[in-house]
Amino acid sequence: MAEQNNSQECSIRILLDKCTGCTLCVKSCPFGAITMQDKKAVIDFGKCTLCGACVAICKFKAIELTTCKVEPKADLSAYKGVWVFAEQKKGNVQSVVYELLGKGRELANDLGTELACILIGDGMEVKAQELFSRGADKVYLVEDPKLKNYMDEPYTNVIVELVKEFKPEILLYGATSIGRSLASRVAVKLYTGLTADCTGLAIDKEKKLLLQTRPAFGGNIMATIVCENYRPQMSTVRHKVFKEAVVDKARTGQVVKKSYPGNLYDSRTKLLEIKEEESTTANLTEANIIVSGGRGLGKPENFKIIEDLAKVLGGAVGASRSAVDAEWIPYSHQVGQTGKTVCPKIYFACGISGQIQHLAGMSSSDIIIAINKDPLAPIFTVATYGIVGDLNEVVPALTQKFKEVLKK
């Protein structure tokens with residue numbers, strides 16, 4: 001019998017007398033943690049995550065997984081305040097932070113508590129005032145040359161230490177590539193919950209709980225999730241679902257500087273180079289005008305007419321999931337539930353049928369212009385203006401007309 005235990009009192013073991021050596025568990029393990037020795041399953045505890053996939057597949061009940069027994073954190077009342085992770089790139093605070101501060105201010109007011117930011121980097125203190133002017137009452141600042149650029153391990157270590165010391169009740173991150181990677185690591189280390197890709201946040205005023213709403217089951221329902229027994233309550237929040245906090249340059253706040261032993265900033269990975277994505281059009285999530293293409297384009301070469309219209313309008317190029325899945329355009333252009341959420345002033349949907357997963361990422365656009373040869377396409381149900389026709393004719397005609405009007 002072999003057994004593994006972890007700090008949450010979970011355990012897994014092979015019951016050797018029942019193991020027949022069928023190898024089903026070996027094939028089922030997504031982490032390659034099980035091998036066969038002398039026709040018996042053996043678990044590599046260095047790789048096993050206790051996911052239980054092998055338990056479900058074993059027909060002979062030869063693998064036993066003990067459910068985790070974790071007691072709720074003893075004193076939840078010790079946790080106070082709403083925090084926002086102030087994501088920065090090259091020393092510039094990302095705009096999603098201002099959106100989180102806008103919603104965070106509402107949450108903090110409902111709870112009667114303060115709103116704070118975590119600012120990590122090197123030479124970042126000058127940015128604290130920006131966060132105060134957007135509603136933060138306090139900024140927890142950690143600076144070190146090793147923290148200049150985002151790295152998973154040191155940033156996770158810093159946030160874990162801050163949370164352990166100051167105990168916020170709510171911690172919000174942008175659902176960016178950095179925020180998604182960071183929040184999940186922090187959640188594991190703090191053994192608390194995390195709701196990813198939220199599109200709505202509110203406070204249950206009776207229970208003082210954070211109500212975290214996100215699409216579920218392929219976007220067919222909206223689920224509201226609570227984290228009752230652990231703290232902090234953590235969410236990643238999609239870009240462009242909340243309005244940015246209003247700027248008030250008269251506001252000030254308190255900077256709390258913290259530093260930690262140098263080994264806390266160490267990482268097992270090394271950052272060699274940062275390469276920005278090259279694009280001839282505007283950033284998708286920041287653009288006021290987006291021209292998106294779908295499978296209706298027919299072939300990848302036809303994205304050229306989408307790019308031409310976007311360039312004339314000073315907009316960005318988007319895409320539906322089906323176009324991305326067909327490898328016509330990189331994932332970074334994908335709009336929708338599994339892509340980016342956008343909220344431009346004008347959204348052109350060209351050759352996009354309007355599946356609910358796509359609508360989840362763009363339906364809050366101020367004006368939606370749909371171009372599709374199928375008059376029954378669902379995209380027309382949300383469109384402000386609809387054009388039924390061949391996009392290979394309509395889009396170039398629009399480009400030419402905008403060139404004339406805009407004198408480009």
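The exercises below concern a predicted model.

**Exercise 1.** Determine whether Thr195 is buried or exposed, and identify what surrounds Thr195.

*Solution.* Step 1: locate the residue. Thr195 belongs to strand E12, which covers residues 194–198.
Step 1: apply the cut-off. A residue is buried when its relative accessible area is under 20%. Thr195 has a relative accessibility of 5%, so Thr195 counts as buried.
Step 2: list the contacts. With neighbours within four places in sequence set aside, Thr195 is in contact with Gln212, Arg214, Ile225, Met234, Ser235 and Thr236.
Step 3: examine Gln212 in that list. The side chains of Thr195 and Gln212 make a polar contact at 3.2 Å.

**Exercise 2.** State where Gly81 is found and which residues Gly81 touches.

*Solution.* Step 1: Gly81 is in the loop that lies between strand E5 (63–66) and strand E6 (82–85).
Step 1: the relative accessible area of Gly81 is 0%, and Gly81 is therefore buried.
Step 2: leaving out residues up to four places away in sequence, Gly81 touches Thr113, Glu114, Pro168, Glu169 and Ile170.
Step 3: Gly81 and Glu169 are 88 residues apart along the chain, yet 5.6 Å separates their C-alpha atoms.

**Exercise 3.** Describe the largest nonpolar core and the element that gives the largest share of this core.

*Solution.* Step 1: this core has 31 residues, and those touching the most other members are Val84, Val97, Leu101, Cys117, Leu131, Leu172 and Leu201.
Step 1: the elements that give two or more residues are E6, helix H3 (95–111), strand E9 (115–121), helix H4 (128–133), strand E10 (138–143), strand E11 (170–174) and strand E13 (200–204).
Step 2: H3 supplies the largest share, eight residues.
Step 3: take Leu131 as an example. Beyond four places in sequence, the residues that Leu131 touches include Val97, Leu101 and Cys117.

**Exercise 4.** Work out which strands stand at the edges of the open five-stranded sheet, and what lies across part of this sheet.

*Solution.* Step 1: the strand order is E19-E18-E20-E21-E22, with parallel pairing.
Step 1: the average twist from one strand to the next is 20°.
Step 2: strand E18 (residues 289–293) pairs with strand E20 (residues 346–350) over five bridges, and Ile290 has Tyr347 in E20 as its bridge partner.
Step 3: helix H7 (residues 303–313) lies across E18, E19 and E20, at about 175° to E18.

Definitions and conventions
Residues are numbered from 1 along each chain as its sequence is written. This is a predicted model: local features need pLDDT of at least 70, side-chain atom pairs count only at pLDDT 80 or more; totals for chains, interfaces and linings use all residues. Side-chain values use heavy atoms; hydrogens and water are left out. Helices (H or I, at least four residues) and strands (E, at least two) are DSSP runs, numbered from the N terminus. Buried means under 20% relative accessible area, exposed over 50%, partly exposed in between (1.4 Å probe, protein chains only). A polar contact is a pair of N or O atoms within 3.5 Å; within protein, one must be able to donate a hydrogen and the other to accept it, and residues adjacent in sequence count only if both atoms are side-chain atoms. Contact means heavy atoms within 4.5 Å. A nonpolar core is a set of buried Ala, Val, Leu, Ile, Met, Phe, Trp, Tyr and Cys residues joined through side-chain atoms within 4.5 Å. Two strands pair if DSSP finds at least two bridges between them. Axes are lines fitted to C-alpha atoms, for helices over the stretch in contact, and angles run from 0 to 180 degrees between N-to-C directions.
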